[in-house]
Amino acid sequence: AIVRSLGGPALPAEWRAGLGLEGHAGGVGPGPTLVNFTYQEDRKMATIKDIFAVIKGREEPDRYVILGNHRDAWTYGAVDPNSGTAALLDVARRLGIMLRSGWTPRRTIILCSWDAEEFGMIGSTEWVEENLGDLQSKAVAYLNVDCAVQGMGLFAGSTPQLDKLLIDVTRQVKDPDVEGKTVHDTWSTMNGGINIERLARTDSDFAPFLHHAGIPCVDLYYGKGISWISYCT
């Protein structure tokens, strides 16, 4: 309603499609509209809870591979974070099956379910700060699965130390949607080559691991190019 009332240059076509404004007037401003906002806040103290599952390593129990996702959502949470939570829980289920069959990992695996991410990565940041010395000396890598599935096309972000590992692993994983292809094949085809973003962002739980503790990190999801607004709503 606000955008329809604005003047100025016409909306870009992708904005019209994203906002469902095809055929409607509207611009990017300025315009005659005056909007009054009222905000009501529930001020209270609350206890947050991080949840962990630890699988001790066989050969290097003091070296940690950490996989994490948050539980709290900004709105309905279908993509952010529930798609990531579904991925994390399925990894946990499959690791449980492997453990019952007699398998044990070489290094310790820590699965993390963070609380209060939407309030500024509070759950993960507090845990990293509390265990900073231990993590800096023992953590091998942190793998982030926040918005795991939001569309087509693999997005990969990582620190340089993990680039080669990421490429090697995707060459070994079969693409479940394309017969006879690996994840690496479809990743390269859809993106016109392999592109790995550098993780300079601070918008998910890898931020304290990378920016506070200097731990190598990976952030992966399907849905490259999906806008922040569309997956939050």
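A: In helix 3, which covers residues 122-130, the buried residues are Gly 123, Ser 124, Thr 125, Trp 127 and Val 128, where buried stands for under 20% relative accessible area, exposed for over 50% and partly exposed for what lies in between, with a 1.4 Å probe and protein chains only. Helices (H or I, at least four residues) and strands (E, at least two) are DSSP runs numbered from the N terminus. The model is a predicted one, in which local features need pLDDT of at least 70 and side-chain atom pairs count only at pLDDT 80 or more, while totals for chains, interfaces and linings use all residues. Residues are numbered from 1 along each chain as its sequence is written, and side-chain values use heavy atoms, with hydrogens and water left out.

The buried residues of helix 3 pack against strand 1 (51-55), strand 3, helix 4 (132-138) and helix 7 (206-212), a contact being heavy atoms within 4.5 Å. As for helical geometry, an α-helix has 3.6 residues a turn, so residues three or four places apart point the same way.

The loop between strand 3 and helix 3 holds Ala 116 and also Met 121. Ala 116 has a positive phi of about 55 degrees although it is not a glycine, and Ala 116 is buried, with a relative accessible area of 5%. Met 121, also a residue other than glycine, has a positive phi near 55 degrees, and its relative accessibility of 11% counts as buried.

Strand 3 (107-114), one of the packing partners of helix 3, also supplies at least two residues of the lining of the largest pocket, as do, among others, helix 2 (82-100) and strand 7 (217-222). A pocket here is an open set of points on a 1 Å grid over the protein atoms alone, where a 1.4 Å probe fits and protein lies on both sides within 12 Å along at least five of seven lines; lining residues have an atom within 4 Å of a point. About 1500 Å³ of space lies in the largest pocket, the volume being the space filled by probe spheres set on grid points that are joined across faces, edges and corners. Its lining comprises 46 residues, with Val 91, Leu 143, Val 145, Val 169 and Leu 220 nearest the centre, and helix 2 gives the largest share, seven residues. By class, the lining has 34 nonpolar, five polar and seven charged residues; Ala, Val, Leu, Ile, Met, Phe, Trp, Tyr, Cys and Pro count as nonpolar, Asp, Glu, Lys and Arg as charged, and the others, Gly among them, as polar.

Two loops elsewhere contain cis peptide bonds. The bond from Asp 80 to Pro 81 is cis, with omega near 15 degrees, and Pro 81 is found in the loop between strand 2 and helix 2. The bond from Gly 29 to Pro 30 is cis with omega near 0 degrees, and Pro 30 lies in the loop between helix 1 (13-19) and strand 1.

For the chain as a whole, the secondary structure comes to eight helices and seven strands, and 38% of the 233 residues count as buried. Residues 24 or more positions apart account for 71% of the contacts with a separation of 6 or more.
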